[in-house]
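Here are my notes for your review. Please read them with the structure open.

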Amino acid sequence: MLDRGAISKAHHGRGLAEWCRVQVDLVLALIERDVRSRFGETGAGYGLAFLAPLAWIGATYLAFWLIGRTSPVYADTITFIISGLIPYALFRYAVTAVGRARSLARPLMIYPTITEGHVAAAAAVLEFVNGLVLLGIVLALNWVVFGDFEMADPFAFLWGMVLCWALGASYAYALLSLSRINSRIQSIGLVLIRPTFFLSAILFTANELPERILEVLGWNPLLHAVEIARDGMLFHYESRVASAGYALACVAGLLLLAVAANAARRD
Amino acid sequence: MWGFVNCSRYFRTGGAPMIVLHDASLRVDTTEKVAVLIRAGQGKSTIIRMLAGLEMPDSGTVLRDAGGWPLGYSGGMNAEMTGEANIRTLAKFADVDPLELSAFCYDFSELGSAYHQPVKTYSSTMKGRLGMAASLGLPARTYLADDRLVSGDEAFRAKAGAALAERLQDTGLIFVASNPRQAKDVCDRYYVVNDGAFVACDDYDHACAMLDASQVDDAGSPLDADIPLFDLV
């Protein structure tokens, strides 16, 4: 039989560092569980998880070819597409993964240590790691198949990825929290982001937009995050609008909204 | 401390309103053994879900302690993972040594080599054994039990019952059930949910009589031995 004294040690009198360690362990355990439920014991499902974004890139390239569009900057078309599409894919996958947190958490929340926030955090972290793996696969394929590789500033590109991911995760978490007040909010919020594929400088660059249109699209924080990533990847592109501060302010705003919604529901 | 303070919870089922709780209050200390009896289909699982924090009341406050673990619950097991991997994950959820919990569950569940197979290959009895083993190994301060305390074949029920009785010496229990039999000799206090309120009963017999009476009022027939029962050893 287990030492029941351990129970008290686990729940009482621990400091902040110990509390943080427990939270990290919980999130890691949930990530491990999520990986196994999404990809199965064999790991064969891992390949399938990355096929969809690869098909997305292929379809976009095909669309470019059909309408005769080429890269608007001095870079090959595939590299131009992936400079915007990979960060955007990370945004969308973060939205989807965090949005699933409630249904994933449902059978687990009867355990007193697990909250919806833990499950959402685990889903978001796993999606970020998946995004990095996807990036590696896509860059390697582009180099091996087409002989093209660009990465002007890896840290700037990674920063753009982080911002896209944070925007997706915080947006989905805000929707998740608001949907406790009204269950329709989440579905409405998911519909609202559909046009972002066409409005976030994925198929074009912000620099080529007329000033009047940029004034409107510039309110879209995802456009800024994608531009930061593109600036980091392409050697011959320097965005004139990318603002990390604006994207970060939006992330903070969305998280505050989530906190407020959770507090309102508790009251 | 567990319980409800002026809690109300209503449903609308098939167009008709159903009252689970109406301005109801109940206080249970962490290590108390309390049975809450309620007619089948009148919100038994809703009460457990509110205590577990899965559901909020329409009004009022639910008192919850941090150390409440479900008893015999296997719904959180991942079907793709082995029994062992599930138990190790549970150990991480509970912040206990995964090896120690896994060794305990392997022994207690008596699943043998199946313990290392994916849970999707388990029968419901095997899942029940694993769930029960996990519950007894986890560091609960209060168990939350939904309708049954122990299940499985006769030998396993006897073993689990004895282990549970030992754990209940210093662990609390809130047992929400529609059939009172398993609560006998286990619980110290009995309540019957009647018209949305927790009605305190003097003892087990009084609780059974009150539950029977409420069943007659509601359905026109007294409560019979209509559910397979497992006497706690």
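This is a predicted model: local features need pLDDT of at least 70, side-chain atom pairs count only at pLDDT 80 or more; totals for chains, interfaces and linings use all residues.

1. Start with strand S3 of chain B, residues 33–37. Of its 5 residues, 4 are buried, so the strand is largely enclosed by the rest of the structure. Buried here means 20 or more other C-beta atoms within 10 Å of the residue's own.

2. S3(B) pairs with strand S7 of chain B, residues 172–177, through 5 bridges, and the two run parallel. In this pairing B:Val36 has B:Val176 as its bridge partner.

3. S3(B) also pairs with strand S8 of chain B, residues 189–194. Here there are 4 bridges, again with parallel strands. B:Ala35 sits opposite B:Tyr190 of S8(B).

4. For chain A, an unreviewed UniProt entry annotates "transmembrane region" at residues 46–67, 73–98, 119–144, 156–176, 188–206 and 243–264. In the model, residues 73–98 of chain A are 85% helix and 0% strand, with end C-alpha atoms 34 Å apart. Residues 156–176 of chain A are 100% helix and 0% strand, and their end C-alpha atoms lie 30 Å apart.

5. Check the backbone at B:Glu110. Its phi is positive, near 55 degrees, and the residue is not a glycine. B:Glu110 lies in the loop between helix H3 (98–109) and helix H4 (124–137) of chain B. It has 15 other C-beta atoms within 10 Å, so it counts as partly exposed.

6. B:Asp185 is in the loop between S7 and S8 of chain B. Is it buried or exposed? B:Asp185 counts as exposed, because it has 10 C-beta neighbours inside 10 Å.

Definitions and conventions. Residues are numbered from 1 along each chain as its sequence is written. Chains are lettered from A and ligands numbered from 1 in the order in which they are written. A residue is buried if 20 or more other C-beta atoms lie within 10 Å of its own, exposed if 12 or fewer, and partly exposed in between; C-beta atoms are placed from the backbone. Two strands pair if DSSP finds at least two bridges between them. UniProt positions are given in the numbering used here, feature names are shortened, and annotations may be inferred rather than shown by experiment.
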